[in-house]
Amino acid sequence: MATSGENYWPPTGRTSWPLTTGFGVWIRDQIDARGYESTEEAARALGVYPSLLRHWATIVRSPSPQVLRQVAVLFDAPIQDVLIAAGYMTEEENRPLSPTRMSLQQMSNKQILDEICRRTVGDTGGPPIPVRVNGVLHTPDGWTSTP
């Protein structure tokens, strides 16, 4: 294994990575599990820039939904695993629903929106995203509009 600069995984001179989110750790574990010897090698194999791969591996806050989708595709990983690593979902929430739990088809739109709000409390990943349901735009602050 070569020994120069930050081209290698982990960067030469470091015995550990800086403290990051579970997502950064998950990214590094995925790369290590595939046996890549450098950031460039991993990035080339995955079709992304090395700087992007380093950013994901040292990310401090939860990544955006677009990044999560891209990572799931690149690593051929179930989206649930990526959501758990990023802190958007727990292992418990990933378990199959028991027959006594309600399915989405049994829930009202309000119940679904309330559940989404419950799961995203404290999410500082960006501004809230309005949701359109049956032609009505719902925003997190309670404002609604129709076309």
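From the N terminus on, the elements of the protein run α-α-α-α-α-α-α-β-β-β, which comes to seven helices and three strands, where helices (H or I, at least four residues) and strands (E, at least two) are DSSP runs numbered from the N terminus. The model is a predicted one, in which local features need pLDDT of at least 70 and side-chain atom pairs count only at pLDDT 80 or more, while totals for chains, interfaces and linings use all residues. Residues are numbered from 1 along each chain as its sequence is written, and side-chain values use heavy atoms, with hydrogens and water left out.

Some totals for the protein come before the details. Buried residues make up 27% of the 147 residues in the protein, where buried means under 20% relative accessible area, exposed means over 50%, and partly exposed lies in between (1.4 Å probe, protein chains only). The protein exposes about 9,900 Å², of which carbon and sulfur atoms supply 56%; these accessible areas come from the Shrake-Rupley method with a 1.4 Å probe, and for residues only the protein chains shown count as cover. Among the contacts in the protein with a separation of 6 or more, 47% are accounted for by residues 24 or more positions apart, a contact being heavy atoms within 4.5 Å.

The interior can be approached through its nonpolar core, a term for a set of buried Ala, Val, Leu, Ile, Met, Phe, Trp, Tyr and Cys residues joined through side-chain atoms within 4.5 Å. The largest such core has 22 residues, and those with the most contacts inside it are F23, W26, I27, L53, V71, F75 and V82. To this core α1, α2, α3, α4 and α5 each supply at least two residues. V82 shows how separate stretches of the chain meet, for, leaving aside its neighbours within four places in sequence, V82 is in contact with F23, W26, L68, V71, A72 and A77.

The rings of W26 and F75 have their centres 5.9 Å apart and their planes at 85 degrees, so the pair is edge-to-face. Because W26 lies in helix α1 (residues 22-33) and F75 in the loop between α4 (65-74) and α5 (79-85), the pair ties together parts that are 49 residues apart in sequence. Both partners are buried, W26 at 14% relative accessibility and F75 with a relative accessible area of 2%.

In helix α2 (residues 39-46), T39, A42, A43 and L46 are buried, and they cover an arc of only 95 degrees around the axis, which puts them on the same side of α2; the arc is that of the directions from the helix axis to the C-beta atoms. What covers these buried residues of α2 includes α1, α3 (50-57) and α4. Just after α2, G47 takes a positive phi of about 80 degrees. In α3, the buried residues are L53, W56 and A57, which cover an arc of only 100 degrees around the axis and therefore lie on the same side of α3, with a cover that includes α1, α2 and α4.

E115, which at 24% relative accessibility counts as partly exposed, forms a salt bridge with R118, where the closest N and O atoms are 2.5 Å apart, and another with R119, where they are 2.8 Å apart. R118 is three residues from E115 in helix α7, a separation of about one helical turn, and R119, also in α7, is four residues from E115, again about one turn of the helix. R119 counts as partly exposed, at 36% relative accessibility. E93, E115, R118 and R119 are linked in a network of salt bridges.

Methods. Rings of Phe, Tyr and Trp (its six-membered ring) pair if their centres lie within 6.5 Å; planes under 30 degrees apart count as stacked, over 60 as edge-to-face and the rest as tilted. A salt bridge is a side-chain nitrogen of Lys or Arg within 4 Å of a carboxyl oxygen of Asp or Glu.
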